[in-house]
Amino acid sequence: MNKSLNNYIGFVDFLADFLGEDVEIVLHDMTDLENSVVAIRNSHISGRGIGAPATDLVLRILKNAKYDDYKYLTNYSGTSSNGKLLKSATYIIRDDKNKIVGMLCINMDVSKMQMMKIYLDKMISFDNSNNEIISEKLSQSSQEMTLDTINSVVNDFGVPPDRMDQDEKIAIVSELNDKGVFLIKGSVIQVAEALSVSVATIYRYLGKVKREN
């Protein structure tokens, strides 16, 4: 083994103890590419052991001049021999002549997290079998619920109540009626206040809406 790598062997145990059993730590020696793994922890992730060969990425780094100025590579994907998805990183070790003598690699098994992500995506999905947009707000009181609905409809209309004409206010009342607002006691008063009209006017608008429907 290249003597320059002696100082990195301790890092294999250090990183493995800190990152846990789902993270494989590997030290590669470039002296013998066919038996490049000189230290490894949590080898159950890849199934490799001491004396395992260099990976295809290691060979590409050695062969491709574009990596000459790289100090490390991070957050790339890998695949173990048994098909596990890995999130990986490689620290490139060079001697005083800038020649690559080794690589310290981290391979995190993210298959458990991937399964958890799929589970969470399903749990927080808002798809529904009715093929329509459905939403719900859980209010603490009927007055709060009514006021929230009124404000939402008025704001979505895009015109301040003091600038609305009669037809626009009737349209607001019609939408509020469709949303069931007028099933709540006292809602007529709240709508009248929001539209800056009298309670009698709201009843008149509501009567017109019901007749048209």
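Modeller: A residue is called buried at under 20% relative accessible area, exposed at over 50% and partly exposed in between (1.4 Å probe, protein chains only). The model is predicted, so local features are taken at pLDDT of at least 70 and side-chain atom pairs at pLDDT 80 or more, while totals for chains, interfaces and linings use all residues. Residues are numbered from 1 along each chain as its sequence is written, and side-chain values use heavy atoms, leaving out hydrogens and water.

Helices (H or I, at least four residues) and strands (E, at least two) are DSSP runs, numbered from the N terminus. The axes of α4 and α5 lie 10 Å apart, and the two helices pack at an angle of about 135°. Axes here are lines fitted to C-alpha atoms, for helices over the stretch in contact, and angles run from 0 to 180 degrees between N-to-C directions. α4 and α5 are therefore oblique to each other; angles under 35 degrees count as roughly parallel, over 145 as roughly antiparallel, 65 to 115 as roughly perpendicular, and the rest as oblique. On the α4 side, T149, I150, V153, V154 and F157 meet E168, A171, I172, E175 and L176 of α5. By class, this contact of α4 with α5 holds seven nonpolar residues, one polar and two charged. Here Ala, Val, Leu, Ile, Met, Phe, Trp, Tyr, Cys and Pro are nonpolar, Asp, Glu, Lys and Arg charged, and the others, Gly among them, polar.

α5 also packs against α7: their axes come within 9 Å and cross at roughly 70°. That makes α5 roughly perpendicular to α7. From α5 the contact takes Q166, K169, I170, V173, S174 and N177, and from α7 it takes I202, Y205, L206, K208, V209 and K210. Six nonpolar, three polar and three charged residues make up the contact of α5 with α7.

S196 sits in the loop between α6 and α7. Its phi is near 60°, a positive value in a residue other than glycine. S196 is exposed, with a relative accessible area of 56%.

Now the cores. A nonpolar core is a set of buried Ala, Val, Leu, Ile, Met, Phe, Trp, Tyr and Cys residues joined through side-chain atoms within 4.5 Å. The largest has 18 residues, and those touching the most other members are I172, V173, L176, F182, V191, L195 and I202. Two or more residues of this core come from each of α4 (142-157), α5 (166-178), α6 (187-195) and α7 (199-212). With residues up to four places away in sequence not counted, L195 touches V154, P161, M164, K169, I172, V173 and I202; contact means heavy atoms within 4.5 Å. Apart from this core lies another, of 15 residues, including V26, V37, L57 and I61.

L57 belongs to helix α2 and is buried, with a relative accessible area of 13%. Beyond its neighbours within four places in sequence, L57 is in contact with Y76 and T90.

M103, in strand β5, counts as buried at 0% relative accessibility. Leaving aside its neighbours within four places in sequence, M103 is in contact with V26, L27, H28, M30, V58, I61, L62, T90, Y91, I92 and I93. M103 and L5 are 98 residues apart along the chain, and their C-alpha atoms are separated by 9.0 Å.

S36, in the loop between β1 (23-29) and β2 (37-41), counts as buried at 0% relative accessibility. Not counting residues up to four places away in sequence, S36 touches L27, H28, D29, A52, P53 and A54. T55 lies in the loop between β2 and α2 (56-63) and is partly exposed, with a relative accessible area of 26%. Its contacts, leaving aside neighbours within four places in sequence, are H28 and R48. The C-alpha atoms of T55 and M30 are separated by 11 Å, although the two residues are 25 apart along the chain.

N98 has a positive phi of about 70° although it is not a glycine, and it is partly exposed, with a relative accessible area of 46%.
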